Amino acid sequence: MIEVRPGGRRRIDRVLGPGYLSDLGELTLSVLRERRDEAAQEETDLSYLRRLLHARIDIVRAEQERRSSGGESSVVERLAAILADNAIGPATGSGRHQRLEPSRAGEHRRFAEALIGDTDLSDVSTLSDEKLVNALNRYADEEVSVSSYRREVQSVMDTINAEIATRYRKGTASVDDLLDTERGGSG
């Protein structure tokens, strides 16, 4: 399970740390934007990990369904359809447009694989029903944890964005300064 360690050095520890949102009104606009961007990168990484977990959950469920219905085609033969079914279904989370790429994709893949160290999802047909249930439960529990942290990170982003919006509304920040900064000016 992912844990947030107060005072830890990882990005999630900083973003969800107790002081990250303290005294936002005292921070410069550039520091606010840096914090928002850092939180956005963490949200992107958590979203990626969540998608990895969903794919594994879908694979295990497909194998369980195949067994219960007496289906003959293997999960491998149906893999593209299994993964596509979830991708084209209705959105169920608090999705946001992702303009960033995951920064720790390899680390997240290893984490997802390590959840079930003795379960080889490359051939789920060889697993016992009990191992499939255990795998599904571990992946589902982790997905709940990741989703919870993701919502917390999104809340941090929303709080910072609200502070930035307040500054624009009050006139203490200007679009001209933002454009100058984006163009590489000194703003």
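What percentage of the 187 residues of the protein chain counts as buried? The value is 35%, where buried means under 20% relative accessible area, exposed over 50% and partly exposed in between (1.4 Å probe, protein chains only).

This is a predicted model: local features need pLDDT of at least 70, side-chain atom pairs count only at pLDDT 80 or more, and totals for chains, interfaces and linings use all residues. Residues are numbered from 1 along each chain as its sequence is written, and side-chain values use heavy atoms, without hydrogens and water.

The protein chain has six helices and zero strands. Its order from the N terminus is α-α-α-α-α-α. Helices (H or I, at least four residues) and strands (E, at least two) are DSSP runs, numbered from the N terminus. Take the contacts (heavy atoms within 4.5 Å) between residues at least 6 apart in sequence: 76% of them join residues at least 24 apart. Accessible surface comes to about 11100 Å², with 50% belonging to carbon and sulfur atoms. The areas come from the Shrake-Rupley method with a 1.4 Å probe; for residues, only the protein chains shown count as cover.

Two residues are set side by side here.

Asp23 has a phi near 55°, a positive value in a residue other than glycine.

The side chain of Arg50 makes a polar contact with the side chain of Glu143 at 3.1 Å. Such a contact is a pair of N or O atoms within 3.5 Å; within protein, one must be able to donate a hydrogen and the other to accept it, and residues adjacent in sequence count only if both atoms are side-chain atoms. The C-alpha atoms of Arg50 and Glu142 are separated by 8.6 Å, with the residues 92 apart along the chain.
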